[in-house]
Amino acid sequence: MDLNPRFRFETFIVGAGNRLATSAARAVAESPGSVYNPLFIYAKSGLGKTHLLQAIGFEAQAQQPALRVQYVTLEEFVEQYHAAVAAGQSDAFRRGAQEVDVFLLDDVQFLADRREMQSELLRLSEALQARGRQLVLTSDRPPAEIRDLDDRLITRLSGGLLVDVAPPDFETRLAILRRKAEERSVVMAPGVLEAVAEISAANVRELIGLGNRLIAFQSVGESPLTPEGARALLTGEAPAGRSADGPEVRPGPAPAPTPAPQESAASPSDDFSSFLSVVAQSVARQLEAWKGRVGEAIVRWQGQGYKTARLEALLERGDIPDVEAILAAYEADVVQLRSLAETTARFDSAAAGSARFKDPDHVAEAQAWVERVREGTAPPPAPSGALGFAELIVGAANDAVARAAAAVAQEPGQRYNPLVIVGPAGVGKTHLLHAIGNALVAARPGTVVACVSAQVFFEELVSAIHGERADWWRRRYRGADALLLDDVHLLAGRERTQEELFNLFNAFQDANKQLVFTADRLPSQLEGIAPRLVSRFSEGLVVELAPPDREMRAEMARRLLAAQHVSAGPGVIEYLASRPADGARAVADLVTRVVQSIDPTHETLTVVMARLALEGESGRVSAVLAAVSGVPDGIDPLLRSREKVVWDWPDIGDRLIEDFR
Amino acid sequence: MSLVNFTTREITCKIVYYGPGRSGKTTNLQYIYDQVPDDRRGRMVSLATQTDRTLFFDFLPLDLGSISGFTTKFQLYTVPGQVYYNATRKLVLQGADGVVFVADSQARQLDENIESLQNLHQNILEYGVDIRTVPMVLQWNKQDLPRDLILAPEELDDALNFRALSAYPADALHGNGVFETLKAISAEVLRKLSQGATGRQG
């Protein structure tokens with residue numbers, strides 16, 4: 001069915017009652033299939049459902065002429081379906097319906113008691129949604145109130161956005177009447193349309209009917225209609241006493257009726273109820289108008305993915321804000337974010353979709369970020385602030401390395417370039433790397449330090465190549481003053497990344513910029529790394545990190561316990577330090593296990609508690625102990641300690657030789 | 001206290017009937033009191049002398065129920081018109097959201113009307129409020145008296161309504177114009193809702 005050109009958004013008068021529905025309809029028309037799908041508009045008869053529905057079709061087609069738009073009432077849909085079934089063409093009918101981009105279905109309340117059509121509509125709505133096509137429905141009631149409607153269909157129809165259209169308020173009624181009078185080129189005496197608008201028509205159609213009567217009457221009458229005459233004409237009441245006999249009054253902003261002093265006052269209830277209605281109208285006009293506008297703006301912007309915290313906060317406020325100014329400022333921010341996103345898209349299409357461009361409360365941040373992207377200097381990942389030299393525990397095992405690191409931090413690019421830190425997992429390589437990075441930044445504020453794991457480095461490159469912005473990625477790293485790359489052994493076999501690293505390496509060395517690498521083994525033992533890189537790693541200073549010794553472990557345990565506010569009793573630190581641990585991570589694990597196991601009511605952690613946490617729970621150990629030593633189960637757990645049992649006996653051969661000596 | 005309180009969802013309007021002595025302010029309130037259904041009105045407090053002159057002030061609370069989800073209450077006050085009660089007048093005026101100036105239409109009362117209007121301006125000014133920001137309407141009361149005793153609305157307009165406010169001829173005794181005035185001042189006051197500032201004094 002063709003769309004009626006009279007039913008467009010431009011000819012739809014928006015008021016408090018239909019503002020939300022109109023915004024939703026516009027949003028759908030502007031981006032069909034992506035915002036509210038399905039959109040379900042319900043309203044009593046004559047309030048503009050069909051107008052809105054067709055307006056969506058018009059607007060969508062105006063914006064994207066290639067779109068296939070279909071408007072159909074449910075009755076027609078049923079007829080078409082039955083005709084197709086009769087002709088044996090039901091499949092073709094379904095396929096045809098599913099190919100529509102914007103499907104507008106009017107009056108779905110007639111689905112009541114039509115099981116067959118309900119399942120057909122369910123199928124259609126699933127197919128449309130699966131293809132990202134828009135479905136808009138109207139009804140005179142919400143889905144849940146349509147009699148005998150399939151639950152699945154209720155869920156599906158309610159799954160997008162449900163909006164209702166309320167009867168028009170005074171202003172909207174007046175605007176509709178004015179539009180009608182303009183269309184007919186009829187000029188009414190002042191106050192006439194206002195008087196008609198005050199008559200509460202049940203719906204817009206009835207109101208337009210009243211307007212038509214008025215226009216017809218005016219065109220045949222000799223003298224122009226007065227407000228009283230119009231009211232009397234339309235309500236069938238006798239006009240009130242003419243004002244000509246009463247004293248004339250200066251016209252104020254409100255029409256000032258002139259009472260005839262001789263007449264007694266109107267009936268009491270009328271006086272009060274008309275006063276009440278003035279108050280109600282004024283309150284609604286003032287109070288709801290701005291809230292409606294804010295609500296509409298929230299729906300609109302949220303529909304487009306923007307954060308609306310600023311607007312939501314307005315509704316929570318105790319006073320009435322300057323809505324127009326705030327909305328204008330918000331919109332200006334959105335416009336700015338959009339243009340920033342467009343700018344970014346030219347450099348980095350993936351970054352343009354960033355959430356940064358959806359929060360109008362942080363435009364400045366977004367702008368600063370765009371500036372950096374534009375210059376190709378959006379900084380690469382920086383060192384973590386939590387890992388500094390102060391947090392590093394220095395002992396015999398890492399003293400040399402720490403000194404080398406400190407030297408690098410003092411004179412970047414001068415002494416040891418590159419510095420390669422080698423050691424097994426968990427001994428603190430990453431900590432040291434970040435500590436160097438932080439020290440570099442602290443010594444020279446503004447220094448850009450790229451501190452990144454080889455895995456992230458690799459993934460960034462892949463996505464940069466994918467997004468055809470490898471140049472941008474390169475510029476980003478070349479703009480840094482130091483490159484600190486963690487776990488280079490992870491680049492094994494990744495030739496393109498190695499090539500990029502090789503080029504970066506040369507560029508950095510030429511510019512005397514510091515390079516620091518960590519690896520799990522000596523460069524010469526790295527497998528899958530190009531020899532030209534290996535040789536460059538080796539020509540710098542290669543330092544090895546050993547697992548922490550007992551003293552370092554004790555210090556680590558002390559700090560970790562202090563950080564968790566656990567006070568350690570005598571011997572606890574020594575006990576924890578004595579536990580086998582091959583790195584900082586292992587010590588942290590031990591401490592965590594102990595801390596988690598203790599009863600928070602205990603004030604002090606004792607050795608017994610620590611032992612119980614780390615060893616005592618092992619049923620297997622106690623079983624073995626019982627078997628080996630004959631010690632019955634259930635005795636002092638200290639005796640069942642793992643450490644009291646010699647597990648690895650010296651080689652008997654060694655002992656024999658010693659004895660022999 | 002603000003006109004509209006979003007936390008408690010209340011709208012409270014204080015409207016003060018101002019004017020010279022014997023101009024009919026209390027009569028306005030009494031008529032309103034008689035027309036309001038019992039369940040919507042509070043007790044009208046009137047402190048009058050033996051000769052029926054307002055000694056202190058009249059107070060009529062109106063509960064208009066829930067409007068747009070807001071409990072809406074009106075408080076109508078009159079001030080004593082006699083010149084020597086200025087302290088009371090000023091007190092009653094404090095925090096008013098709107099003012100109805102009830103003028104006596106009798107020709108011989110014109111000076112009293114002018115004096116009272118000046119007194120109103122002065123009192124509002126003393127609260128540091130610009131009179132132009134205060135919602136206000138005028139009422140030409142006693143228009144039912146013989147024509148030769150009273151001034152016509154146009155004449156009163158010329159003499160008193162230099163701000164071109166809405167003005168309503170009235171016969172408060174019989175109720176003519178009373179509710180028109182009340183409706184007009186209510187609409188004026190409520191229009192301020194959207195402007196944030198409530199224009200209260202004090």
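Q: How many helices and strands does the secondary structure of chain B come to?
A: Chain B has 5 helices and 8 strands. Helices here are DSSP runs of H or I with at least four residues, strands are E runs of at least two, and both are numbered from the N terminus.

Q: And what pattern does chain B follow along the sequence?
A: Going along the sequence, chain B reads β-β-α-β-β-β-α-β-α-β-α-β-α.

Q: Before I go on, what kind of model is this?
A: This is a predicted model, where local features need pLDDT of at least 70 and side-chain atom pairs count only at pLDDT 80 or more, while totals for chains, interfaces and linings use all residues. Residues are numbered from 1 along each chain as its sequence is written, and chains are lettered from A and ligands numbered from 1 in the order in which they are written.

Q: Okay. What share of chain B is buried?
A: Buried residues make up 50% of the 202 residues in chain B. A residue is buried if 20 or more other C-beta atoms lie within 10 Å of its own, exposed if 12 or fewer, and partly exposed in between, with C-beta atoms placed from the backbone.

Q: What about contacts between residues 24 or more positions apart in chain A?
A: They account for 74% of the chain A contacts with a separation of 6 or more. Two residues are in contact if their C-beta atoms, placed from the backbone, lie within 7 Å. In chain B the figure is 71%.

Q: Which residues touch the most other members of the largest nonpolar core?
A: That core has 69 residues, and the ones touching the most other members are Ala24(A), Ala25(A), Val28(A), Leu39(A), Ile41(A), Ile56(A) and Val196(A). A nonpolar core is a set of buried Ala, Val, Leu, Ile, Met, Phe, Trp, Tyr and Cys residues joined through C-beta atoms within 7 Å.

Q: Which element gives this core its largest share?
A: Helix α1 (residues 19-30) of chain A does, with 7 residues. The core also draws at least three residues from each of domain 1 (9-165) and domain 2 (273-375) of chain A, with bounds from an automatic or database domain assignment.

Q: What's in the second core?
A: It is separate and has 68 residues, including Tyr416(A), Val427(A), Phe508(A) and Val572(A).

Q: Back to Ile41(A). What is it in contact with, beyond its neighbours within four places in sequence?
A: Ile41(A) is in contact with Ala21(A), Lys49(A), Leu52(A), Leu53(A), Thr138(A), Val163(A) and Val165(A).

Q: Which faces of β1(A) are covered?
A: Both: Leu39(A), Ile41(A) and Ala43(A) are buried on one side, Phe40(A) and Tyr42(A) on the other.

Q: How many bridges link β1(A) and β5?
A: β1(A) pairs with β5 (residues 161-165) of chain A in the parallel sense over 5 bridges, and Ala43(A) stands opposite Val165(A). Strands count as paired if DSSP finds at least two bridges between them. β1(A) also pairs with β4 (residues 134-139) of chain A in the parallel sense, over 4 bridges, with Tyr42(A) opposite Ser139(A).

Q: New topic: where is Pro38(A)?
A: Pro38(A) sits in the loop between α1 and β1 of chain A. The peptide bond from Asn37(A) to Pro38(A) is cis, with omega near -5°. Another cis peptide bond joins Asn417(A) and Pro418(A), with omega about 0°. Pro418(A) is in the loop between α16 (399-410) and β6 (419-422) of chain A.

Q: Asp113(A) has a positive phi. Of about what value?
A: About 65°, although Asp113(A) is not a glycine. Asp113(A) has 11 C-beta neighbours inside 10 Å, so it counts as exposed.

Q: And Lys142(B), buried or exposed?
A: Lys142(B) counts as buried because it has 24 C-beta neighbours inside 10 Å. Its phi is positive too, near 70°.

Q: Last one: which residues of α18(A) are buried?
A: Ala454(A), Phe457(A) and Leu461(A) are. Seen down the axis of α18(A), the buried residues fall within an arc of 60°, so they line one face of the helix. The arc is that of the directions from the helix axis to the C-beta atoms. On the other side, Glu459(A), Ser463(A) and His466(A) are exposed.
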